[in-house]
Amino acid sequence: MKKIIVIILGLFILNNIAYSQVSKEEIRRAVEAEEYSKALSLANQLITADTKVPESYFWKGYVYYKLALQQGISEELKASYAKNAKEAFDTGLLKNKKSAYNIFGLGLCALLANNYEEAKSNFDKAYEAGSKIVELIVLIADAYQDIYESSKFDAATKKKAMDEADTKLRQALLLDEKNARIHVALGDLSYRNKVIEMAENSYRKAIQYDPKLVAARFALAKLLLRPKFSNEDNALYVKRLNEAKDQLLEITKIDPQFAPAYNELSQLYYKFDEYKVAEQFAEKYLNLMGNDRRARVRYAQLLYLIKQYPKAVAEFEKFIADTNNFIISRLYAYCLAEIKEYEKAHVAMQQFYRLAKPEDIVYKDYKYSAIIALNRGDSATADQNLEKLIKTNPEEHELYKDFYNYYKAKSNWYAAAKYLEPYVRKTRSLGDKLNLGWIYIYKTKEYAKGEQVLNELIAERPDVIEAYSYLALAANKLDPELKEGRARMYYERLLEQVIAQKKEDKYKKEMAAAYNYLALYYYKIEKNDRKTLGYCLKSLAIDPENEQMKRLAEGLKGQGITPED
């Protein structure tokens, strides 16, 4: 019996030793890694190790606070997290009503309720009770920076919050100037104030003081991954992206379980156009995060970015049914459109519009709405969205070309021309201008329009032989009885270009048509028999069986006419 008691007592002691080995830093690292379930488990272990320690309850409440700050969660879920956070802080205060950490926790709850004055009052009380605790002071400064990131506070309040954060961090430096976390927080403050160089210096100093602090390296990597400045040298931009990659890879060596590093690496390799590597890092991120919804959303988003649309659709469909996130609905609709599942894409796009606010709508939403409507045969809605797209982003004129190709494939030439015309006007593409002229002349029989377009073309490029051929046909149609001879100029310039470019073999048919026309022009209008005969003979040299030219030539020869070039 004594032996059993000893064994049980031993197990109890070992269990408590295991719990006591949980550190606050582990909980904080789990939060930074977005492993909230693990962070809560660790916080509960910390409490179980000694239920009398009030700060242990703070860390549990802190995890719930961070959960409540997540983007894209419902107000109901946010309220639930806030309630759990307050319960933890209140329990800590029951253990010790002067607990600086849990007084600070009440300030966090006020922040979640968008009450700045109450939050600041509790932050001040917490600072007064723990003015020598560097970790607490940094947490207070971080909370003030959370106010800056919130959309619930106005600019003046955010400015006050950032000033408070700066004051607290300067006070923390007086206590421990080599504390790496102080410098990370100072870097965050500078970055939010758009003082990039100072932010970078702070992050590098943090790494210098604690090379193993993942938060410092991750913050530096995120800063280096910022978008390219308009005046930034491309070589320097690539250099900082490569350093970001090195920092992220170093993080995976320090802490192979730090999932956000793999997510950033996947995004980075996407920028490098190394889609396969990007997908591998995304899969690693997903594996580490388990069945975490946020991880699945990010994985699906990356699949969309690297154009793995069927895989992205399969991933989105694992959670799309119970989502109220307009961004997820948007990307799901985009992917469905890309794989030509237009009916499902239409349903998803309608869901997006139900969820999104007017200010959430971007030009791509109009673009995909237009494509989806077009391919569902809803031309009115397609036109409306195309108009909104061009108004929102005039550079998105490529969609005109997509509409043109769609109608061209259906041989709806009037609609094809309708969309090709504004595209040509925007891009000034000579090839497309030639195509537009061809449609007007050969398909819609709008000869005057065809003439106008092609005359603009040859003014820019007088060497485009096909343009003269099309123009001559249009002129013929506008002057069918050869009373004006309006095709003469086009045929003469066609011949000039063919001969100058030495392309007689390629354009024999066009040359024969030109000689035919010119022979008739000089016969009927100019009354120049010698030139008429000259062009008849040139036509017959290409096409000896041309009966019209034969008769005309024989008649002129019978009159003793000699040819003139």
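The structure holds one cavity of 30 Å³ or more. This is a predicted model, where local features need pLDDT of at least 70 and side-chain atom pairs count only at pLDDT 80 or more, while totals for chains, interfaces and linings use all residues. Residues are numbered from 1 along each chain as its sequence is written, and side-chain values use heavy atoms, with hydrogens and water left out.

**Exercise 1.** Find which residues line the largest cavity, and which element gives the largest share.

*Solution.* Let us start with the idea behind the search. Rolling a probe the size of a water molecule over the atoms shows where empty space is left. On a 1 Å grid over the protein atoms alone, a cavity is a set of points where a 1.4 Å probe fits but cannot get out, and lining residues have an atom within 4 Å of a point.

Step 1: the largest cavity has about 30 Å³ of space; a volume is the space filled by probe spheres set on the points, which are joined across faces, edges and corners.

Step 2: its lining is made of Tyr-62, Tyr-65, Lys-66, Phe-104, Leu-108, Leu-139, Asp-142, Ala-143 and Asp-146.

Step 3: α4 (54-68), α6 (100-112) and α8 are the elements that give two or more residues to this lining. Helices here are DSSP runs (H or I, at least four residues), numbered from the N terminus. The largest share, four residues, comes from α8.

Step 4: by class, the lining has six nonpolar, no polar and three charged residues. Ala, Val, Leu, Ile, Met, Phe, Trp, Tyr, Cys and Pro count as nonpolar, Asp, Glu, Lys and Arg as charged, and the others, Gly among them, as polar.

**Exercise 2.** Describe how Phe-58 and Trp-59 pair, then do the like for Phe-123 and Tyr-144.

*Solution.* Rings of Phe, Tyr and Trp (its six-membered ring) pair if their centres lie within 6.5 Å; planes under 30 degrees apart count as stacked, over 60 as edge-to-face and the rest as tilted.

Step 1: by this rule there are 33 aromatic pairs. In one of them, Phe-58 and Trp-59 sit edge-to-face, 5.0 Å centre to centre with 75° between the planes.

Step 2: Phe-123 and Tyr-144 are also edge-to-face, at 5.1 Å and 80°. Phe-123 belongs to helix α7 (residues 116-129) and Tyr-144 to helix α8 (residues 134-149), so their pair ties together parts 21 residues apart in sequence.

Step 3: Phe-123 is buried (under 20% relative accessible area, with exposed over 50% and partly exposed in between; 1.4 Å probe, protein chains only), because its value is 0%. Tyr-144 is buried at 0% too.

**Exercise 3.** Work out which ring Lys-168 lies over, and whether Lys-168 is buried or exposed.

*Solution.* Step 1: Lys-168 is found in helix α9 (residues 155-175).

Step 1: Lys-168 lies over the face of Tyr-127, at 5.0 Å from the ring centre. The rule asks for NZ of Lys or CZ of Arg within 6 Å of the ring centre and within 35 degrees of the ring normal.

Step 2: with 6% relative accessibility, Lys-168 counts as buried.

Step 3: leaving aside neighbours within four places in sequence, Lys-168 is in contact (heavy atoms within 4.5 Å) with Asp-124, Tyr-127, Ile-137, Ile-140 and Ala-141.

Technical notes: On a 1 Å grid over the protein atoms alone, a cavity is a set of points where a 1.4 Å probe fits but cannot get out, and a pocket is an open set with protein on both sides within 12 Å along at least five of seven lines; lining residues have an atom within 4 Å of a point.
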